[in-house]
Amino acid sequence: MTPLRVLRAGLLWRWFGTRGSADTLLEAVASQDEQNRMLAGMSLVRAGEKSFDLIEDQIDTGEATPPAVRLLPDIDPSRARGVMEKVSTRGGDLVETATECIDTIDRIESVADDQGKR
């Protein structure tokens with residue numbers, strides 16, 4: 001898969017929400033190619049709630065990959081916490097990823113709280 005294909009898929013996903021482009025992005029975000037992972041991740045995060053819903057559906061069907069799940073806190077941290085808590089209690093391959101994401105959300109909120117007190 002070329003970076004150009006990933007960029008094209010990102011544009012199509014954000015503009016039109018095509019399933020084929022979403023599949024390309026999900027494949028790229030889980031690939032071994034660092035550039036494609038980065039481009040796909042940025043595209044999914046920029047698409048916002050549409051991507052969150054897509055990844056959450058993948059979690060529900062058991063098709064989600066850890067790299068995709070790790071994007072949820074970047075899209076919507078408060079909503080991600082609920083999804084991660086559900087995943088961590090349900091068991092399966094994503095428990096460790098969900099726990100890591102919850103820890104990350106906790107650290108981000110702690111820093112935000114500390115900055116708010118200043």
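Mentor: Happy to. Let me start with a residue on the outside: Arg8 has a relative accessibility of 57%, so Arg8 counts as exposed. Arg8 belongs to helix 1. Please keep in mind that the model is predicted.

Now to the helix you asked for. Helix 2 spans residues 19–29, and its buried residues are Ser21, Ala22, Thr24, Leu25, Leu26, Ala28 and Val29. What covers them? The cover over the buried residues of helix 2 includes helix 1, helix 3, helix 4 and helix 5.

Let's take helix 3 from that group, residues 34–46. The axes of helix 2 and helix 3 come within 7 Å and cross at roughly 130 degrees. That angle makes helix 2 oblique to helix 3, and the crossing of the two is left-handed. On the helix 2 side, the residues that meet helix 3 are Leu25, Leu26, Ala28 and Val29. Helix 3 answers with Asn36, Arg37, Ala40, Gly41, Ser43 and Leu44. Sorted by class, this contact has six nonpolar, three polar and one charged residues.

Leaving out residues up to four places away in sequence, Leu25 touches Val6, Ala9, Gly10, Trp13, Ala40, Ser43 and Leu44. Leu25 is also among the residues that touch the most other members of the largest nonpolar core, together with Trp13, Leu44, Ile55, Ile59, Leu72 and Met84. That core has 31 residues. The elements giving two or more residues to this core are helix 1 (3–16), helix 2, helix 3, helix 4 (49–61), helix 5 (66–69), helix 6 (72–75), helix 7 (77–90) and helix 8 (95–116). Helix 2 supplies the largest share of this core, five residues. As a general background, nonpolar side chains in soluble globular proteins tend to be buried together.

Helix 1 and helix 3 also pack against each other, at an angle of about 10 degrees with their axes 9 Å apart. They are therefore roughly parallel to each other. From helix 1, the contact takes in Pro3, Val6, Leu7, Gly10, Trp13 and Arg14. Helix 3 brings Gln35, Asn36, Leu39, Ala40, Ser43, Leu44 and Arg46 to this contact. Seven of the residues in the contact of helix 1 with helix 3 are nonpolar, four are polar and two are charged.

For a contrast in composition, turn to helix 4 and helix 7. Their axes come within 12 Å and cross at roughly 10 degrees, so helix 4 and helix 7 are roughly parallel to each other. Here Glu49, Phe52, Asp53, Glu56, Ile59 and Asp60 of helix 4 meet Arg79, Ala80, Val83, Lys86, Val87 and Arg90 of helix 7. This contact divides into five nonpolar, no polar and seven charged residues.

One last stop is helix 8, where Thr97 is found. Is Thr97 buried or exposed? Thr97 has a relative accessible area of 4%, which means that Thr97 is buried. Apart from neighbours within four places in sequence, Thr97 is in contact with Pro66, Val69 and Arg70.

Definitions and conventions. Residues are numbered from 1 along each chain as its sequence is written. This is a predicted model: local features need pLDDT of at least 70, side-chain atom pairs count only at pLDDT 80 or more; totals for chains, interfaces and linings use all residues. Side-chain values use heavy atoms; hydrogens and water are left out. Axes are lines fitted to C-alpha atoms, for helices over the stretch in contact, and angles run from 0 to 180 degrees between N-to-C directions. Helices (H or I, at least four residues) and strands (E, at least two) are DSSP runs, numbered from the N terminus. Angles under 35 degrees count as roughly parallel, over 145 as roughly antiparallel, 65 to 115 as roughly perpendicular and the rest as oblique. A crossing is left-handed if the near helix is turned anticlockwise from the far one by less than a right angle, and right-handed if clockwise. Contact means heavy atoms within 4.5 Å. Ala, Val, Leu, Ile, Met, Phe, Trp, Tyr, Cys and Pro count as nonpolar, Asp, Glu, Lys and Arg as charged, and the others, Gly among them, as polar. A nonpolar core is a set of buried Ala, Val, Leu, Ile, Met, Phe, Trp, Tyr and Cys residues joined through side-chain atoms within 4.5 Å. Buried means under 20% relative accessible area, exposed over 50%, partly exposed in between (1.4 Å probe, protein chains only).
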